[in-house]
Amino acid sequence: MYAIGIDTGGTYTDSVIVNAESGEIIASAKSPTTHYKLSVGLEKSLTAVMEKSGIDPSEVGTVSVSTTLATNAIVEDKGARVGLFMIGPVKAVRLPVVTVNYITGGHKFSGAEDDPLDVEKLVDGINAMRGYVDAYAVCAAMSFKNPAHELVAAKAISLADPGKAVFCSHEISTKAGQAERAATAVLNARLMPVMKKFLEGVSSALIRCHLGGSVVVIRGNATPMSMEDAVSRAAETFASGPASTAYYGSLYTPEENSLIVDVGGTTTDVTLIKNSRPTINEDGSIIGKWETHVEAVEMFTVGIGGDSYVKITDSGILNIGPARVIPLCMAGDIPDPSKWMGKGDNSRLIRKGPAADEPGDDKILQTLFADGPATYGELITKLGIPDISLGSMIEFLVREQLVEEIGFTPTDALHVQGKIELGDASKSVSGAAVLGAVYGQDAETFAENVLENVYEKIENAMLEHIVRKEIGGNMAGIIAGRSASPLVSFEASLNLPIVGIGAPASYLLPDVAERLKTKAVFPEYHEVGNALGAVMMALKESK
């Protein structure tokens, strides 16, 4: 009789329960995403929504899952460390990998072998990568015509480095374009362990909540797939969250054409609705900096959200995102920012995270357990670890939620302006006063400066997406750089409405809409629009 939708984002895990027949929304709930053990946040969110609904778990027949974890991992340059093998006469590629090994081999368009596979060099490459990578990607010339060399390479990897994930480009793409196939294989390899861990958490949370029935995961092209396929084809979840958002938003758009803008804690996703339907890029989506062959909703993702890290560099430049931190106002018991916050390395506070029970042998955790929270700059001084090495170590600890990073964010800026009341506004005001002093500004003026930058980034993302789709890439570049020079300026407007999704959307998008001379609308349950889109999509497919 009932169905549940789950959306796990970088900041929150949302759950909704609806009547499977009528589509009536019974209850919704939010819980912080617990990256160190995803099942914890999932279980809290599911428990809350079941308690609010008063429904017996046995009455739930379908669970549909969407997630922005894959997209966030790419935007934040996180995920598994990948080693790439490029087989055949190919040009050098620039991809998010630890290393690339170029091997003689590959096939012709006819499927005939072009050159024999250099197995000896392949094995040497595996031995060199072993211990330095978490997963492997393999892309051979014309493998979509003949995957033999990719299959041999995958077998060799499984024998030489057992237990490591391996992904071949022919498994995800049947199109020409080796650079795009390589990017797809690499990004899939980066995300396979992420997706496996996530879905294990989903299964564990469902079991503890006594929820059974069928479980599906939403693809980026707005169709459901099994949990097993979601692990083996993790790349297809790249736009899972935006696909769910776009579908939900399309049900509430005031006009046939509109722009769905999903503002989360980490990213803002922009999707075009035409003729009341999400536009699908059948040739492949752009994920981060890379063109892929993953079929998905046409979207534009920018690393800006409610929890984006606001930093002033040592040279006095204001940077916002793409990294995410805990807002000052939501950080709980921390020292007042006036006592520790400053420019550069001193603009974020590091403390032990919820997954850190004991320090173990980790020098960073040992310091935090012994001395309490410290800024990044203080850790460099105390530990004597070079900046680049400490950065990698902190990134790993944050990903496992062994430590937490706290800093000024757009959410804090909204607190300074009195637009929201979600936490301790005094911490936000104090942080804004410290950072604003760099420019001779008071807290209010600095907060306004931060939000103006956020509005501009979201505005540019929306315009770029529309211009790329309707006009072409060259104009998109002009749009993106329109504020880069004081010698030229021009205004742009949108001739279609904005549908806002996500908790921060109603606070940020009205100003963006005003700047673009359009209107922004917010569905009643826009805060959990991703989860609602996921469950409504699954129910539609099942009928």
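Predicted model: local features only at pLDDT ≥ 70, side-chain atom pairs only at ≥ 80, totals over all residues.
1. Contact here means heavy atoms within 4.5 Å.

2. Overall form. The protein has 16 helices and 26 strands. Its radius of gyration is 24 Å, close to the 24 Å that the globule rule gives for 543 residues, so the protein is as compact as a globular protein of that length. The C-alpha trace spans about 70 × 60 × 60 Å along its principal axes. Of the 543 residues, 55% are buried.

3. Nonpolar cores. The largest core has 56 residues. Ile4, Ile17 and Phe198 have the most contacts inside that core. Helix H5, residues 178-208, gives the most to this core, with 14 residues.

4. Isoleucine 17. What does isoleucine 17 touch, not counting residues up to four places away in sequence? Its partners are Tyr2, Ala3, Ile4, Glu24, Ile25, Ile26, Ala27, Val49, Met50, Ser53, Ile55 and Val60. One of these, Ile4, is itself named with Ile17 among the residues with the most contacts inside the largest core.

5. Serine 66. This residue lies in strand E4, residues 60-67. Is serine 66 buried or exposed? Its relative accessible area is 0%, and buried means under 20%, so serine 66 is buried. Its side chain is joined to that of aspartate 7 by a polar contact of 2.6 Å. Leaving aside neighbours within four places in sequence, serine 66 is in contact with Ile6, Asp7, Thr8, Ile218, Ser240, Gly241, Ser244, Asn530 and Ala534.

6. Glutamate 236. Look in the loop between helix H6 (227-232) and helix H7 (240-252). Although in a loop, glutamate 236 counts as buried, at 13% relative accessibility. Its side chain makes a polar contact of 2.7 Å with the side chain of arginine 233. Not counting residues up to four places away in sequence, glutamate 236 touches Ile172, Arg219, Gly220, Met225 and Val294.

7. Asparagine 221. Here the loop runs between strand E9 (214-218) and strand E10 (224-226). Asparagine 221 also counts as buried, at 17% relative accessibility. A side-chain polar contact of 2.7 Å links asparagine 221 with threonine 223. Beyond neighbours within four places in sequence, asparagine 221 is in contact with Ile280, Glu295, Ala296 and Val297. Asparagine 221 and glutamate 236 are 15 residues apart along the chain, and their C-alpha atoms are separated by 7.9 Å.

8. Aromatic pairs. The structure holds four. Take phenylalanine 109 and phenylalanine 144: why does the pair count as edge-to-face? The ring centres are 6.5 Å apart and the planes stand at 70°, so the pair is edge-to-face; the cut-off is over 60 degrees. The pair links distant parts of the chain, 35 residues apart. Phenylalanine 109 is in the loop between strand E6 (99-103) and helix H3 (119-129). Phenylalanine 144 is in the loop between strand E7 (135-140) and helix H4 (148-160). Phenylalanine 109 is exposed, with a relative accessible area of 51%.

9. Charges over rings. Which ring lies under the charged end of arginine 348? That of tyrosine 376, with the charged end 4.2 Å from the ring centre. The charged end of lysine 352 sits over the ring of phenylalanine 369, 4.3 Å from its centre.

Note on methods: Residues numbered from 1 in each chain as written. Heavy atoms only, no water. Helix = DSSP H or I, 4+ residues; strand = E, 2+ residues; numbered from the N terminus. Buried < 20%, exposed > 50% of the residue type's maximum accessible area, 1.4 Å probe, protein only. Polar contact = N/O pair within 3.5 Å; in protein donor to acceptor, adjacent residues only side chain to side chain. Core = buried A, V, L, I, M, F, W, Y, C linked by side-chain atoms within 4.5 Å. Phe/Tyr/Trp six-rings, centres within 6.5 Å; stacked < 30°, edge-to-face > 60°. Lys NZ or Arg CZ within 6 Å of the ring centre and 35° of its normal. Rg over C-alpha atoms; globule rule 2.2 N^0.38 Å.
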